[in-house]
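Subject: Handover of a structure and notes on its local features

Dear colleague,

Please find below the structure that I am handing over to you. My notes on it follow directly after.

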Amino acid sequence: MSAALVHDPRPVHVALVGAPNAGKTTLFNVLTGSSARVGNYPGVTVERREGRLLGAPAEVRLLDLPGTYSLIGETPDEQIVEKALGGRLAGEPELDGIVCVVDATTLRRGLGLVREVLKRGLPTLLVLTMIDEVRARGGKLDPVRLSRILGIPVLGVVGHRGVGIDPLQRLLPDPSRWSRAVELPPADDAARRFAWVDQVCGAIGATELAPDTRTDRIDRVLLHPVFGLLVFAAVMVLLFQSIFSWAVPAMDAIDAGFGALARASREVLPAGWITDLWADGVIAGVGSVLIFLPQILILFTFIHLLQDVGYMARAAFVVDRVMGWVGLQGRSFVPLLSCYACAVPGIMAARTIASPRERLATILVAPFMTCSARLPVYTLLIAAFVPGTTLFGALGLQGLVMFALYGLGVATALASAALLSSTLLKGTPSVFYMELPPYRWPTARLLARQVGRSARAFLRRAGTIILATSIVLWGLLSFPRATPDPLLTAAEQARANLEASAASRLGHAIEPLIAPLGFDWKIGVGLVASLAAREVIVSTLAQIHAVAESDDSTNLREALRRDVDPETGEPVFALPVALALLVFFVFALQCTSTIVVMARETGSFRWPALAFGYMLGLAWLGAFVTHRVASLWLGLAAG
């Protein structure tokens with residue numbers, strides 16, 4: 001242990017700096033044991049992230065900064081790097097050292113960033129990633145000689161395989177002992193800088209790498225203006241078909257498990273409101289959302305696989321022309337695609353867009369992209385009311401309806417972007433450029449870690465927001481109760497109690513506003529509750545039917561199908577109502593977290609308020625038209 005570490009109790013702070021997709025976050029995860037999101041495309045990391053170095057004799061804090069090609073920040077994420085290295089980031093202590101992470105397959109470009117980092121005058125360590133790919137493509141590197149030329153420590157690593165990690169962990173705790181550059185590279189003259197890069201690469205034997213012919217062959221198909229779009233559409237169809245075809249057995253098993261748990265609870269526990277809260281509130285509410293975990297796992301497995309392979313950057317390139325038609329550019333595609341998981345990181349990913357106009361337009365239309373919170377709502381209603389038939393012998397109708405809902409969200413986002421670009425946010429689309437990464441097949445461990453992190457986020461929401469909302473809703477659905485009537489059956493008394501509850505009064509108060517959409521007061525309660533999170537409407541409907549029925553049935557799909565209006569005797573959830581509710585959820589902005597993040601990223605609540613009102617109006621109008629058209633179509637078909 002060094003003397004400096006013994007006498008200075010202050011934690012050592014070291015920042016990881018590098019170009020986008022250089023492997024910084026993979027290195028950060030290995031060194032700190034974190035599970036931060038990684039991906040094989042630029043722009044994954046858009047905010048500062050901190051972790052503690054594993055196995056260090058003293059506390060060493062590692063900062064994972066957003067990727068940047070230069071220390072002169074152009075976009076908001078790059079400005080974070082500039083401020084952190086300059087000691088101007090609020091609450092950030094001075095750095096003790098910088099680890100400059102450079103992709104060895106693009107060493108010539110990376111040396112430009114190394115030159116800028118060295119000019120900061122801080123102890124610097126150079127880490128070369130992807131050294132295995134350099135060797136596989138016939139390239140050569142001599143880190144020892146590069147270290148002598150630059151005057152700083154240089155290490156080669158393969159982060160996901162642990163190659164080179166041990167010596168790096170030994171160096172990180174004491175940056176004061178790192179060797180320092182004696183002579184700084186030329187800075188001002190471009191010709192001299194390029195000559196310096198050529199001189200360094202020549203001295204270490206870094207020859208030009210052989211062309212990546214495999215990547216070139218695949219790109220000729222995936223980047224084709226016609227075939228590329230067809231491949232993208234085929235991938236999306238396969239994804240939504242798999243959600244229904246592969247997940248149903250596991251979903252039914254989980255559903256049956258929660259049903260058995262509710263019945264067993266009533267048999268074991270004494271009768272009373274605590275048992276009712278457990279069976280009708282917690283199990284029915286939270287369980288009704290957890291049964292969709294298999295679909296969530298399938299969705300995120302596909303998304304992470306496409307990201308890690310390197311397909312997402314290609315998809316952004318293919319759709320750049322389409323994005324240009326609506327006033328955006330291809331770089332907006334990556335944040336919008338990230339919204340398929342959750343709108344919050346998708347909106348934050350818009351920091352990689354340099355144009356303020358395009359960044360704002362991307363943020364405002366991002367909530368139209370179908371996030372995973374909508375998936376339980378879509379799956380429930382489609383599985384309950386859309387026949388499980390196949391078309392053309394292979395394509396399931398349920399999967400196609402799901403694909404159409406996702407497509408409707410994308411089409412509305414693009415149309416809204418076009419409207420914004422022609423009115424409030426007029427301007428010319430900026431030039432799109434994005435580095436296309438080589439195709440890399442992720443390890444099973446990395447893919448499992450990524451999917452597991454997304455699954456834990458889903459379970460965390462079920463155990464916090466949905467659990468808390470379920471308990472509150474159970475109270476509103478259970479109290480006050482109707483006066484017991486000995487002439488009523490158990491089922492009739494349960495329905496009378498529900499009609500007398502506070503939630504029923506709330507639902508009946510807003511029913512005139514939603515009646516034109518075909519919605520009754522129970523759906524109205526679900527819409528209000530889903531303002532906390534979209535999937536809460538599933539738990540709300542499950543609780544309503546659990547409270548109203550005396551047989552403890554937790555099969556929500558069957559309960560919705562047999563629910564009838566006590567006054568008319570007509571089904572509450574006919575197909576037109578289900579379709580109208582689906583369309584409402586495609587358009588409506590029902591997520592408090594998304595609204596808060598939009599306000600933070602835009603600097604005020606003015607834009608989120610505009611988005612909320614616009615999307616709510618569109619949702620009401622879309623549901624109204626859908627209900628009327630579907631009712632007319634079914635009437636003509638029956639007649």
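This is a predicted model: local features need pLDDT of at least 70, side-chain atom pairs count only at pLDDT 80 or more; totals for chains, interfaces and linings use all residues.

Residues are numbered from 1 along each chain as its sequence is written, and side-chain values use heavy atoms, with hydrogens and water left out.

Backbone geometry

Most residues other than glycine have a negative phi, and most peptide bonds are trans. The bond from Phe479 to Pro480, however, is cis, with omega near -10°. Pro480 sits in the loop between helix H20 (444–478) and helix H21 (490–499); helices (H or I, at least four residues) and strands (E, at least two) are DSSP runs, numbered from the N terminus.

Asn21, although not a glycine, has a positive phi of about 65°. Its place is in the loop between strand E1 (12–18) and helix H2 (24–32). Met130 is not a glycine either and has a positive phi of about 60°; this residue is found in the loop between strand E5 (124–129) and helix H5 (131–136). With a relative accessible area of 16%, Met130 is buried (buried means under 20% relative accessible area, exposed over 50%, partly exposed in between, with a 1.4 Å probe and protein chains only).

Salt bridges

The structure holds 25 salt bridges, a salt bridge being a side-chain nitrogen of Lys or Arg within 4 Å of a carboxyl oxygen of Asp or Glu. In one of them, Arg314 meets Asp219 at 2.9 Å, N to O. Arg314 lies in helix H13 (residues 311–318) and Asp219 in helix H9 (residues 213–222), so this pair ties together parts that are 95 residues apart in sequence. Arg314 is buried at 1%, and Asp219 is buried at 12%.

Arg481 forms a salt bridge with Asp276, with 3.8 Å between the closest N and O atoms. This pair links the loop between H20 and H21 to helix H11 (residues 273–290), 205 residues apart. Arg481 is partly exposed at 41% relative accessibility, whereas Asp276 is buried at 18%.

A further salt bridge joins Glu535 and Arg461 (2.9 Å, N to O). Glu535 lies in the loop between helix H23 (521–529) and helix H24 (536–548), and Arg461 in helix H20, 74 residues apart. Glu535 is buried at 2%, while Arg461 is partly exposed at 23%.

With kind regards
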